[in-house]
Amino acid sequence: QYKFASDRLGESIHRALSLLSCSATWSAFVDSWRDRSSINPSIASIPHVAAPYLDRLRRHGIPVATSTAPWPPMVRQACLLRNSHPSAAEHLDFVRDEMADFCEKGFWAVLPYAAIAHHPRLRLSPLGCIPQRDRRPRLITDLTFNAVNAETVRLGPSEAMQFGRALQRILFRLRHANPAFGPTYLCKIDISDGFYCIGLAADSAPVLAVALPPMPGEPA
């Protein structure tokens, strides 16, 4: 029924469609597509106030609650027609290769719009691609453009969301570190694709869907 390019992403789309057709529910498809959570199963036994919360995320995924009614088909269609940011189309080969990697790791599933259009929670955001000097480009999902961010309820613990003032907070910790434990060391680690290692709740995944630029002749 669908024809896709004979590249890695095209093969992944066919695989996802086949698995979706064999799944009784959307949740069953998601559970069969991705790997288990990267959170250690023993997280609940750690003596920390956040342990029960992290264990709940491990078992059920991160929920995405919205403050507005489901988008009507005409709104979704308008977002689909606008599609991605022009930068994604300009770096189409990179986008497809990167998304193929994500699909093979179970971080994303790429499907034609017609196969997912019936999901009541579906919302579409544009994909963008940021060029970087002497490095490969970076994919971004613009959850602000179509108001997905504005319509999302903030469920994360406020005390855990320490954005901003990073240098001041680090200096404060260094200044007040207990000298009884010896010198203080800093270690900076960049974890590739770290945000994808904790899965979304299956029913929440369509809320954060993105529109990918198709290859010529492919369905959106």
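Phe29 and Trp33 both belong to helix 2, where they stand four residues apart, about one turn of the helix. Helices (H or I, at least four residues) and strands (E, at least two) are DSSP runs, numbered from the N terminus. The model is predicted, so local features need pLDDT of at least 70 and side-chain atom pairs count only at pLDDT 80 or more, while totals for chains, interfaces and linings use all residues. Residues are numbered from 1 along each chain as its sequence is written, and side-chain values use heavy atoms, with hydrogens and water left out.

A pair of aromatic rings is described by the distance of the centres and the angle of the planes. Rings of Phe, Tyr and Trp (its six-membered ring) pair if their centres lie within 6.5 Å; planes under 30 degrees apart count as stacked, over 60 as edge-to-face and the rest as tilted.

Together, Trp26, Phe29 and Trp33 form one aromatic cluster. Trp26 and Phe29 are buried (under 20% relative accessible area, with exposed over 50% and partly exposed in between; 1.4 Å probe, protein chains only). Trp33 is likewise buried.

**Packing of helix 1 against helix 2**

Two packed helices are described by the angle between their axes and the distance between the axes. The axes of helix 1 (residues 8–22) and helix 2 (residues 26–33) come within 9 Å and cross at roughly 135 degrees. The two helices are therefore oblique to each other; angles under 35 degrees count as roughly parallel, over 145 as roughly antiparallel, 65 to 115 as roughly perpendicular and the rest as oblique. Helix 1 contributes Ser12, Arg15, Ala16, Leu19 and Leu20 to the contact (heavy atoms within 4.5 Å), and helix 2 contributes Trp26, Phe29, Ser32 and Trp33.

**The protein as a whole**

The protein has eight helices and three strands, arranged along the sequence in the pattern α-α-α-α-α-α-α-β-β-α-β. Its C-alpha atoms fill a box of roughly 70 × 45 × 30 Å, taken along the principal axes. Of the 220 residues, 34% count as buried.

Conventions. Axes are lines fitted to C-alpha atoms, for helices over the stretch in contact, and angles run from 0 to 180 degrees between N-to-C directions.
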